[in-house]
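Below is a short report on the geometry of one protein chain.

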Amino acid sequence: MKLDSEIQVIAEIGCNHLGDMDIACRMIETAAGYCGAQVAKFQKRHNRSLLPPDVYNRPHPVPANSYGRTYGEHREFLEFSIGQHRELQQECRRRGIEYSTSVWDLTSAQEIAALKPSMIKVPSATNLNYDVQEYLCRNFEGMIHVSTGMTTGRELSSTIEFYEKMGRARDLVIYACTSGYPVPFEEVCLLEINRLQDLYGERIAAVGFSGHHIGTAVDMAAVAVGMSGESRFRRGPFRYIERHFTLDCNWKGTDHAASLEPDGLRQLCEGVREVSAALNYKEKEILDVEVAQRHKLKWRETSAIETDGLLLNKVS
């Protein structure tokens, strides 16, 4: 699949829709129209197969965030059916934004692959599940995105080798990521973007950044780090910024605290475009925008330049 040449902002809606389709559709509309994001991403879990019975049946570890009597009931409350995901995909098409989903288990991978989105995400929690990834490699033709949070260097190297053996490494995007909600700034570790570019840039499609921090300053820096690394290493194009998105950070749930509200996501999308445009070399010594200012302001040793009645320097 052809990779877009511009940085894509992924609004990770995840489960921040509170299990409500109307809210989910409103989030798609807001991410696409008001904020200007390129991708709206959700999550899909088959909770009965993903969770051991004792985990499924025990209370939520943070009762204040729970939508059910047990952790399993909580997860089921927030889960959309595959039919609902099809509706979300259609809503994304209507709003002019790409639909994507993270898949947490084999059943979910099978269901979402059948929708044929342009990209599917394997979250950090699932990136050692090779049953899921093998299924995607064999049965899904789009881009496969993989986050690297909670992952050792040896584990990541094995993952890259796996995709190479499957003949799908050129369809693989890997994300620098620290798994925390929210992540302290000193543990974001933006230079991991460059490390991924240096180690694997020649072997994969692209590198991205998945952030769980507060604010958008780090994302602007991620763009600068990623694009400058792409220029320096001549490989590993930096193409994706992913941030969790919510309509209200005060809503009940784990992810809202590390999510951007609409104004924040809009600021992020605008900032990515601005920083991306600024990250280049001068195409010539004196740019067109400088010509008039050079004529007006530049000091010269042998001549006087008088503009608007202002003598800038004396004749020698």
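From β6, the side chains of Leu172, Ile174 and Ala176 point one way and those of Val173, Tyr175 and Cys177 the other way, and all are buried. Buried here stands for under 20% relative accessible area, exposed for over 50%, and partly exposed for values in between (1.4 Å probe, protein chains only). In a regular strand the side chains alternate between the two faces of the sheet. β6 is mostly covered, with six of its six residues buried.

The model is predicted: local features need pLDDT of at least 70 and side-chain atom pairs count only at pLDDT 80 or more, while totals for chains, interfaces and linings use all residues. Residues are numbered from 1 along each chain as its sequence is written, and side-chain values use heavy atoms, with hydrogens and water left out. Helices (H or I, at least four residues) and strands (E, at least two) are DSSP runs, numbered from the N terminus.

**Strand neighbours**

β6 runs parallel to β5, and four bridges join the two. β6 also runs parallel to β7 (residues 206-211), here with five bridges. Two strands pair if DSSP finds at least two bridges between them. Which residue of β6 stands opposite Ser147? The residue is Tyr175. For Cys177, the bridge partner in β7 is Ser210.

**Backbone features in the loops**

The loop between β6 (172-177) and α9 (192-200) holds Pro182, and the peptide bond from Tyr181 to Pro182 is cis, with omega near -5°. Cys189 lies in the loop between β6 and α9, and Met150 in the loop between β5 (143-147) and α8 (153-165).

**A buried arginine**

Arg45 is found in the loop between β2 (39-44) and α2 (47-50). Arg45 is buried yet has no salt bridge, and the nearest side chain of opposite charge, Glu79, is 4.9 Å away. A salt bridge is a side-chain nitrogen of Lys or Arg within 4 Å of a carboxyl oxygen of Asp or Glu. For charge, Lys and Arg count as positive and Asp and Glu as negative, with His and the chain ends not counted.

The side chain of Arg45 does make a polar contact with the side chain of Gln43, at 2.7 Å. A polar contact is a pair of N or O atoms within 3.5 Å; within protein, one must be able to donate a hydrogen and the other to accept it, and residues adjacent in sequence count only if both atoms are side-chain atoms. Leaving aside neighbours within four places in sequence, Arg45 is in contact (heavy atoms within 4.5 Å) with residues including Cys15, Arg75, Glu79, Trp104 and Asp105.

**The whole chain**

The protein chain has twelve helices and ten strands. Buried residues make up 49% of its 316 residues. Among contacts between residues at least 6 apart in sequence, 70% join residues at least 24 apart. Taken along the principal axes, the C-alpha atoms fill a box of roughly 90 × 45 × 40 Å.
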